[in-house]
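Please open the model in your viewer and keep the selection panel to hand. The tour below moves from one selection to the next and says what is found at each stop.

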Amino acid sequence: MKRIKIFDLFLHAVMISLALVWIYPYLWLFMSSFKPAREIFTTFVPSRFTLEHYEFIFLMSGRLGRPFVRALLNSVFVASTVTFSVVMTSAFVGFTLAKIRFALSRLIFNFILYQMLFPGFMFLIPLFILVRTFGLMNSYLALILPGLLSSWGTFMFAQSFKTIPDDYIDAAKLDGANRFWIVLRVMLPLTRSTASIVGLFTFIGTWDNFLWPLMVMKDYKKMPLAVLLATFNHEYAGYVGPVLAGAVLQTIPMVLIFLILRKYFLQGISMSLR
Amino acid sequence: MASLSAKEKRFGTGIIAFYLTHTAIFWGYPFVWMVMLAFSRWRFVGRPTFVGLANFLRILQDSNFIRIVLNTLNFLAYLIPMLLISSLIFAIALSRMRYFKTFVVMSFLVANVSSGVAYSIMFSNLFAVNGPLNRIVYSLFGFTIPWFSDPRLAVFSICLIVTWKFVGYYGMIIYAGLQAIPSSLFEAAKMDGASNWKIFWTITLPLLNPSLITVTVFATTLTFGIFTEPYMITGGGPMMRTMTLLIYMYDTAFRRIDPSYATVVAIATAVMSFSLVIVIRRIFEREVALV
Amino acid sequence: MRRFWLFTLSLVVVVAFGATKLVFWTAPNPLQEEFWKEIVAEWNKLRPDVQIELSVIPAAASSEEAILTAIAAGKAPDISENIFSGFAAQLADIGAIHPLDNFKDDFWKLVDTRKMRNIVEGWKIKGRYYVFPIYSNPMLFWWRGDLLKQLGYDRPPRAYSEIYELSSKFTKPNEKYVMQVIAGRNWWDRWFDFITYYYAASGGKAYIDPERRRAVFNNEYGLKVAEFIHKMFRENHTAVELGSNPFYMGSILGKITGPWEINWAKETFPDVMPHVWLAPPPVPDDYPTDLPIYTFADTKGLVIYENCKNKKAAFEFISWVFSKVEHDVLWIEKTRMPPAREDLATNPAFTRFMDDKFFKAYAEAVAYAVPPALIDKTIDVQLSMTTHLIEPLMYLKGQPKDILSTAVREINKILF
């Protein structure tokens, strides 16, 4: 019995220290962005805290044609639009496939599964050509339109709607509700966790997307933060402080969203087992 | 299933029509282009000229492409064991923890939401020759580790940071699998006097098969899609060792202005990734019935 | 007040209806950016009908990649700078840029005003002139004079053996090394190491024959350079990684750099800069002492793209910028890079800069600075040079002689 106690203690100690090792890079990044330039590589706790790196990227970079605040808003705008759209379209298409019987529904459902087999990178160059043909280069639409629908999201919604008994729909129908109303007010609240999971993973995926916006966005004013940060890192690599401050800026919203929605993050992970 | 009224039909048709239109434009049209490009030669201007299988023959003789396929195998050889073993250990250790569990889970998972460009910048500075990590190594052992500049080490270092990002995520997948095993099984085995080691090999591991396969498949597809880390940190070097298939596709399309060949690179990448996943499933997947 | 409103109104009318808007991409370099900001602001005030929109080349890895992606997207700018000759050859090859000699007399008048008749000849691509050269940066070595003095030297090392000797007095593995030998891993870094050393060793001979499309550096000079690099790494006179700013931190004595670093370093390391000695790149021991030492010229220019809607207006802008000598004066003030003109030493407008030892050294080296080979596949060639020449030498994978001949063979495969 004693042995087990000691082992447990040891296990806890190891795991907690590993956890600290895992968040150390974040801590270092965060601390470094407030350190005077000379101390970034030398000390963990700086002699004084400074906002000069943030001043550099917020104030100077506007003048240098690197609008960081705008890029942050661009990322927020693009990611939220895509997320909102994916949740809505997935809910409606998923509902149609799960709850309305018609000739094509089986076929389309299988097609969605089939689509999920193709990795996104296969379509990058043809999509680039499409965006070019439509004259959408350097526009928000190029970042948003291809992501309006998600076969994964549709699949997730269809699966969870299937588990909801038709009685709910029939009851709503008796109250005279139309289909849009049913999906928005009856079905979505019943599948809140699916909606959160789809939304969360879509948001993170869009925020993190780098290769696609790198290809289609050459206009600093409309660049998402990931691309702006990469170009900034290219020209100002010597300015370690501001580059790290930019990295903090890119990281913090994701960390906050994760902390707020961690419950759904965990649910989403266990769902990937299926 | 709800009864079908005319109204419902209209609603359904409308939704499906929207879905089909979007899919036709953003999936069907690119798909057609992809097939067309694969069999032609085109440099973004004029009309593609049909060249038959020339692009596919070219890829088989392309020494760069072969080098990059070897790199990818190198990535797989590091990443799959690293991810699989560390996330398995993580899950088992976690299942035996009673206190601070949430803290540990959150610390590992928060690594997963870091975005590619930001964490590449973060680690390239952390691992820099005069960065904090090498400072510690130097003060302890008197030498520095050329994480990203040694051709043998660079691939490993990139795998290390990818592991940092994904252990929590994959560990939780395995943890979920672990929770699904009824504890009565373990108790029964203990009653029969089986050692912990034996229980692990005969009960835990076989019953975890679905989650282990899921993690392996995820890690495989992840490896074929690596782009941001080497693009930002090493630019494909040293000695082309960290050049990945996606960087090669991007370079071919936009630096060498050869989108048709780049498309074939993309197709080859997808085919390789897909076949490897099938092979893994064929060889390692077992039917698991929990009674 | 009334006049002000009238003026504003007319400006608005012009801007809204008649103005040409030209997009101009500048080099991702903070100092050049500053110069162009001032110039463009002045122009935009002067010419409401031709408004220039300034933006830095959106490069995440290299300017060339960003420009080519934009061309592929059909979103090339109207004008851009930071174009090296080999890249211009590639752009001309795909028909993306507009020959400047199409402007006939206007072009030649500008060339004469800026005194660059001979210089533009070096930029001729298949008989046409596509690029307007802006600056020419000879590459020079900077040495830590203060540290050299402590070691008992009163001048920087000149030949390879002097470097080995100096190293024996200074180098302490993992801490300090005599110099940086390899400039980096990017394809363009080859300009600043192998090609520079080769020009120095050979007295400025070509490393690639652009007519025959063959690499020709597999000769005695190439071998001497390869042996030098190999020996530097083999005997631990230098290392693969030297940390950030090793020169200013005192962990190396010498490194190669261009004039773009002068102003930045004066601001960032004011205590080191007064003690810096400038010198041409090191040469083999048997290089004649009475001959000048050649080096590499990092020279960049400006182009007008074929998709520019108003090429005439674009050229008017270029003529305006480069026909005024005070703009070149401002250029030197901001960037310290020698403008690509032949009257740097004679024109009184520039004499005051000759008091600056850094600018003077660079301006004087222009005469012995050789531009890169004019081939359209520069990037692929230099990537191959990195993989098959520099990295094997750095990591000691084989003998210099074999490495050299493999590299030449691989490069010829690309050129053929």
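**Chain C and its two domains**

Begin with chain C, where the C-alpha centres of domain 1 of chain C and domain 2 of chain C lie 29 Å apart. The model is a predicted one, in which local features need pLDDT of at least 70 and side-chain atom pairs count only at pLDDT 80 or more, while totals for chains, interfaces and linings use all residues. For making selections, residues are numbered from 1 along each chain as its sequence is written, and chains are lettered from A and ligands numbered from 1 in the order in which they are written.

To colour the two parts, select 11-137 + 298-370 of chain C for domain 1 and 139-296 + 374-415 of chain C for domain 2; these bounds come from an automatic or database domain assignment. Where they touch, domain 1 of chain C contributes 24 residues and domain 2 of chain C contributes 22 residues, two residues being in contact if their C-beta atoms, placed from the backbone, lie within 7 Å.

On the domain 1 side of that contact, select α4 (85-93), α16 (357-365) and β14 (369-370) of chain C, each of which supplies at least two residues. The element names follow DSSP runs numbered from the N terminus, with helices (H or I) of at least four residues and strands (E) of at least two. The largest share of this side, 6 residues, belongs to α4(C). Divided by class, the domain 1 side of the contact in chain C has 14 nonpolar, 6 polar and 4 charged residues, where Ala, Val, Leu, Ile, Met, Phe, Trp, Tyr, Cys and Pro count as nonpolar, Asp, Glu, Lys and Arg as charged, and the others, Gly among them, as polar.

Now show the whole of chain C, which has 18 helices and 14 strands. The radius of gyration of chain C is 23 Å, close to the 22 Å that the globule rule gives for 416 residues, so chain C is as compact as a globular protein of that length; the radius is taken over C-alpha atoms, and the rule is 2.2 Å times the number of residues to the power 0.38. Along the principal axes, the C-alpha trace of chain C spans about 75 × 50 × 40 Å.

**A helix pair in chain C**

Next, select α11 (residues 220-234) and α18 (residues 400-415) of chain C, which pack at an angle of about 120° with their axes 9 Å apart. The axes are lines fitted to C-alpha atoms, for helices over the stretch in contact, and the angles run from 0 to 180 degrees between N-to-C directions. α11(C) and α18(C) are therefore oblique to each other, since angles under 35 degrees count as roughly parallel, over 145 as roughly antiparallel, 65 to 115 as roughly perpendicular and the rest as oblique.

Show the side chains of Gly222(C), Leu223(C), Ala226(C), Glu227(C) and His230(C) in α11(C), together with Pro400(C), Lys401(C), Ile403(C) and Leu404(C) in α18(C), as these residues make the contact. The contact of α11(C) with α18(C) has 5 nonpolar, 2 polar and 2 charged residues.

**From chain C to chain A**

Within chain A, select α7 (residues 151-162) and α10 (residues 192-208), which pack at about 170° with their axes 10 Å apart; that makes α7(A) roughly antiparallel to α10(A).
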